[in-house]
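Here is a friendly note to read alongside the model. Take the points in order, and keep the viewer open as you go.

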Amino acid sequence: QVRLQESGPGLVKPSQTLSLTCTVSGGSITSNYYHYSWVRQSPGKGLEWIGHITFTGSTKLSPPLTSRASISRDTSSNQFTLQLSTVTPEDTGVYYCAQYGLESAGYDYWGQGTQVTVSS
């Protein structure tokens, strides 16, 4: 059973950089059957895909967030990390990490989500 767990600060000040880590257990982030994604949901909005990192370590980011977001990984810890710079209150929301199955063409597993609030 694959398990994903987000961790990071719940409160970030405007203009600072948000950093969230997803720890994966029960599966390897270097497995060539999956991409590992970050998704968020802001108040009153639907789910928004932020980006993903592939089994090779390459990344793809949502165009509106390309200038502020980056995703990296630590294969020794089986973790991947989201950094989002210059945050504003509009970045407030619940952030999820998820495993995207290339065979299923869908999200197979999700973390429980972590609330991030951007406020001074």
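Predicted model: local features only at pLDDT ≥ 70, side-chain atom pairs only at ≥ 80, totals over all residues.

1. **Overall size.** The C-alpha trace of the protein chain spans about 40 × 30 × 25 Å along its principal axes. A compact globule with 120 residues would have a radius of gyration near 14 Å, and the protein chain agrees, because its own value is 14 Å. Buried residues account for 41% of the 120 residues. The chain exposes about 6,100 Å², and 49% of that comes from carbon and sulfur atoms.

2. **Contacts across the sequence.** How many of the contacts between residues at least 6 apart in sequence join residues at least 24 apart? In the protein chain the share is 54%. The points below show some of the pairings and contacts behind the fold.

3. **Strand 1 and its partner.** Strand 1 covers residues 3-7. One face is covered, with Leu 4 and Glu 6, while Arg 3, Gln 5 and Ser 7 make up the uncovered face. Strand 1 runs antiparallel to strand 3 (residues 18-25), and five bridges join them. If you want a place to look, find Gln 5, which stands opposite Thr 23 in strand 3.

4. **Strand 9, an enclosed strand.** Seven of the nine residues of strand 9 are buried, so this strand is largely enclosed by the rest of the structure. Which strands does it pair with? Strand 4 is joined to strand 9 by eight bridges, and the two run antiparallel. In this pairing, Tyr 36 has Gln 99 of strand 9 as its bridge partner. Strand 9 also pairs with strand 11 (residues 114-118) in the antiparallel sense, over three bridges. There, Val 94 has Gln 115 as its bridge partner.

5. **The hairpin.** Strand 9 (residues 93-101) pairs with strand 10 (residues 106-110) too, again in the antiparallel sense, over four bridges. The two form a hairpin with four residues between them. In the turn, Ala 105 has a positive phi of about 55 degrees. Tyr 100 stands opposite Tyr 107 in strand 10.

6. **Aromatic pairs.** The count of aromatic pairs comes to six. One of them is Tyr 36 with Phe 80, a tilted pair at 5.5 Å centre to centre and 55 degrees between the planes. Tyr 36 belongs to strand 4 (residues 34-41) and Phe 80 to strand 8, so this pair ties together parts that are 44 residues apart in sequence. Are these two residues buried or exposed? Tyr 36 counts as buried because its relative accessibility is 1%, and Phe 80 is buried as well, at 0%.

7. Tyr 107 is partly exposed, with a relative accessible area of 31%, and Trp 110 counts as partly exposed at 36%. Both residues belong to one aromatic cluster, along with Tyr 96 and Tyr 100.

8. **His 52.** This residue is in strand 5 (residues 47-53). Why does His 52 count as buried? Its relative accessibility is 13%, and buried means under 20%. Leaving aside neighbours within four places in sequence, His 52 is in contact with His 35, Tyr 36, Ser 37, Ser 58, Thr 59, Lys 60 and Ile 71.

9. **Thr 81.** Strand 8 (residues 79-84) holds Thr 81. At 17% relative accessibility, Thr 81 counts as buried. Its side chain makes a polar contact of 3.2 Å with the side chain of Thr 21. Beyond neighbours within four places in sequence, the residues in contact with Thr 81 include Ser 19, Leu 20, Trp 38 and Ser 70.

Terms used: Residues numbered from 1 in each chain as written. Heavy atoms only, no water. Buried < 20%, exposed > 50% of the residue type's maximum accessible area, 1.4 Å probe, protein only. Contact = heavy atoms within 4.5 Å. Polar contact = N/O pair within 3.5 Å; in protein donor to acceptor, adjacent residues only side chain to side chain. Phe/Tyr/Trp six-rings, centres within 6.5 Å; stacked < 30°, edge-to-face > 60°. Pairing = 2+ DSSP bridges. Rg over C-alpha atoms; globule rule 2.2 N^0.38 Å. Areas by Shrake-Rupley, 256 points an atom, 1.4 Å probe, with all protein chains shown as cover.
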